[in-house]
Amino acid sequence: MTIGSFFADQGIVIKVWKPTIVVAGSNVTYTPQGEYIGTIQDKLSAYSHTLGAFGGYLNGTISLTDTKEEIQEWLSEGLGRHIEVFNPAKDQIFEGFVGSLNGAIETLTFARGPLLDIANRVSVIYQLINRTVNPPIDGMRVVTASADDNTSKIDWGVFEKIYNGPGMSAIEALQVRDKFLNEKKNPETDRNFTGGSADPNITLSLLGYLHFLKAGIYNQTTNSGTTTLSVKIEDILDDGGADPNALFASTNADIEANAILVQRYENDNNVPLSLIKALVAQGEPVNDERTLFGVFENRKVVYETMPQTVEYIKRLSDERQSVMTPGEEWIEPWDVEAGKWLKITDFLIGETETVDLRLDPRMMFLEQVKYTAPRGLELQGGKVSTFPQRLAQLGTGGTSA
Amino acid sequence: MNAGRWARLIVTDGTDIIDLLNPPVCLKDWEPAIAQKQEIRQQGFQSGGSIPVDFSWDNINDTFTLNMKGRDGDALARTLQDFHRLLIKAVEYWSTKQQKEPVWIEARAQHETNVRYAHIVSFQTEKDNNPFAQPYFAAKSYRRNFDLGIEHKDWLANFPGDSDCVQVSGTQAWEGSTFGRTATCLDEVYVANKHNVAQLTHIFVDDGGVFGGNLIGAALPFNLLPAVPANNDAVYFGIDTTVGDSGPFCSLVFDIGTVAVTAQTQWESWNGAAWVLLGTQDNTDGAGGISDAFEVAGVNSVHWEHPAAWVTVAVNGVTGYWVRLRVVVAGGGAVGPTQQNRDVYSIVWPHVDIAAAQVIGDFEALARTVIVNQSGGSVSLGANRIIVGLRSLWRGANFSPYINLSDEQNNGGITVTPSGTGAFSNNVETPTGRQVTLTNPGAAWATVITIVFDTTLAPQYRGKFHAYLRGEQTSGAAGDIELRLRSRMGNVTGYSRLAKKVVSFGVVGTDDVVLDFGAINIPPTDNLADGDIAESRLNIEAFGDGVADCNLYDLILMPVDEWIGDYSDIDHLTTWDNDFELDIDGVAYPKNTKRALIRLVATGAVNDIYEANATTPILQANTAQRLWFFIIRDLVPATPYDTSEFEVAGSVLEYANARYLSARGDR
């Protein structure tokens, strides 16, 4: 049974779009569901996706076998394409974009991307050197104005990078900026000829839209003082600098209120994902429980405290080896989600369940879940405690994801 | 090999034929292979042997041992070349875009009634035998023995691309009469986009102000207007609202015998003060700009949207929802139409029935469903997304995906109870005329509707569904009200699980908005055996900001566990409207058994492709089944909501190509 025929028999559907990107001045309209390309499940040779308690739709892999013409088309046009995967009941189970791709046609192997390495809005931060005096004097660290490449933005969306340069003059900094922009405005493409030959194939490395929170820079120098943690997450999502492609919005998010007070002022040129990780790491203020952050269907952001109840069970002795709900509804492997408690119910039989789930050795908090077609499922448990959140609130530590 | 003269074994593309049973090719041996299952197995710790958790049928690899003989070496070579060319064509059918003609095997054993067909996928023949060996020299006869391996698809009842008509029916027994269309292959079986119990109770003809008797159940044919109509003569169609499970209706289906000859007619409804023009899509109206009903003989329908001002009125002593067709101008030589063959009825069911004998074979048949839009055109009752779900009847004859959120017009085993901020109210613009109104739901999740399936009905609802809700947010801002769906087993304390999505209205003041809850199991367990008795219930829960209201019409549970297809106009270019039919085709083009074509009804010409979010369409073999339909207007992506007008209706044609593991015999 091929993966393609398995998906076709099951009714799992993978849809592909080419995003449409419209640039008007500094405004960018990035529509992932731009031009519909079609479905590709019939051509699959491998598929997997990974969901995370932090991140939601994290990443995935699609391998296709197709005609030489189709593979060439993927090589030429595939980077950045929008991908959605639906289960047989027509619920979405993954959404992302092609972050990079690699493949082979006979003796030619090729790779393109990563998309996120593109830089088409560039500035340089450097230490200004005054060479008009002898000896030259090191000045302050300054930042150049940013330079954009509109053609690249129309092709790929906006990806802002700040190049951390050495000491130089202002003119040199602008030269470095423009050179860097010119070098990085298009995706890397590698080609090699190898001795062997292969049927035309391509592997698409998918990334969830969480990774687009690396495409911009978040600075907020208008207001000082403090705000609540949850409001700051909303501010980041709504900021045009942090999200230059306007893919996220607090109006398309479920942000649980979190009263921890955090500084509003930001001027360190951080990418928003780093800031959000640091905010999520602080947990919630009452019991210092972990909080979860994810990007899901239609780029919807969900921020919430981790669950305190068991939502999945599994038995070592189960013939089907299914993950089930506590009501024993079978969950198909492609439907299993991360960020939930799973209990192994035929392990340590007779043990009384603890109120604090983390103390029960039968409990597993699903940090990451990887589905591999046709029915493979890897469940990665995470350590759950309250101490790291307390440390993060005090300004040390952070979340790893 | 005992191949009798009635036996048949050929390879053909429909034009060229290689006969494997008659010279110069003779079959020496063939042990037919059976399709093998490709299984995925799982095994638990100390759970005994492994079990299959998935399987599919693989292609069949048959080996034919053939013998070619003859005295003309050139002729033998030509035959062999023709054979090879056919087999290469078979491979090219799958491997190239341009080759459109399939190549298949036809087989029928001696004394077997039916031929079976298998679509060739590939072939393998490793060697010829020595053309210079004996008896080449001795007998002056050329002989070539060789093994031919052919990989082919399942055995079919028809050659690839062909199919048999499957008779479908749509009927309803109500108030002592049976309405609808019995099983047929004609385009006369209608489906609604709702499920009502209410059906027509009365038809009166008004002849110059004098009403005739009720024509429901009258001897056929009967006159739908006076034999010689005069101005302002009329025929009234109504549902008596003093009858239980009654309400408004949005369509009428006629079978016209004698066609009408009138100068101008007009459909009208009562708005509380006067009979006013009712906008309709009247398929009984022939060509021409002037409204003139009953001009077209045979089965045709009339459709309208429930008017917002439609109210009940007493006609000939019967109070109910009424529409009438009035003769505005009779004209010279006017002739009244007649209804023949069956009662006039309203389309109130969203499914077609398929009897067990209609689909034969050893396992699921390849299917083709053609849905003709009947309601669009003059009124805005088109759509661009059609969801079709298959469910075997043995799982529950009383199952319906449509649960009306009202205190009427559901199966008797279903109880709908509003609570908290929810209460029943009247709204003529809903399928039943009743709805649940949520008034200012507050900022805490609370159950607003409970749907209980009693212990008799609950087993019929067991399964997996994709759940949708129709309604309208009437005040506040879009997004002020969130809704979620919970499936619960047993009574109020039983285990429960939420459907995947929390939903909200993307718009305020637009009716028929459809919300998608995602998949849900009823009950939320796979742990009940057939004999286990338990209630099931669904809770609709609401969360609001205390300043927004909404109306909820019906909950739609499309079955997903046998087969479901979701077909949509992904580029939003061609609406499935009155001129169009959606051809969900798993039969006619074996290269792509998941295609969905929008065709012009008049010519059959393909106008657009709908995206098929589906596996190959199938029908179950040897079991009675129903195809259920849910029809949506999928608005452009920038519009944050979709609608589903319940007045949309279509008609259904069904085809199948049965599949077999081996010989057909006479079945």
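This is a predicted model: local features need pLDDT of at least 70, side-chain atom pairs count only at pLDDT 80 or more; totals for chains, interfaces and linings use all residues.

Biologist: What makes a residue of chain B count as buried, and how many of the 667 residues do so?

Modeller: Buried means under 20% relative accessible area. Of the 667 residues of chain B, 58% count as buried, so that share falls under the 20% limit. The accessible surface of the chain comes to about 25,400 Å², with 48% belonging to carbon and sulfur atoms.

Biologist: Which share of the contacts in chain B with a separation of 6 or more joins residues 24 or more positions apart?

Modeller: Such pairs account for 77% of those contacts. A contact requires heavy atoms within 4.5 Å.

Biologist: How many side chains of chain B are called positive, and how many negative?

Modeller: Lys and Arg count as positive, Asp and Glu as negative; on that basis chain B has 48 positive and 78 negative side chains. The centres of the two sets lie 11 Å apart.

Biologist: Why is the set of 82 residues called a nonpolar core?

Modeller: The name applies because its members are buried residues of the nonpolar list, joined through side-chain atoms within 4.5 Å. This largest core has 82 residues, and A:Phe7, A:Tyr47, A:Ile62, A:Phe212 and A:Phe293 have the most contacts inside it. Strand 6 (residues 92–112) of chain A gives the largest share, 7 residues. A second, separate core of 51 residues includes B:Ile540, B:Ala548, B:Leu557 and B:Ile632.

Key. Residues are numbered from 1 along each chain as its sequence is written. Chains are lettered from A and ligands numbered from 1 in the order in which they are written. Side-chain values use heavy atoms; hydrogens and water are left out. Buried means under 20% relative accessible area, exposed over 50%, partly exposed in between (1.4 Å probe, protein chains only). Accessible areas come from the Shrake-Rupley method with a 1.4 Å probe; for residues, only the protein chains shown count as cover. The place of a charge is taken as NZ of Lys, CZ of Arg, CG of Asp or CD of Glu. Helices (H or I, at least four residues) and strands (E, at least two) are DSSP runs, numbered from the N terminus.
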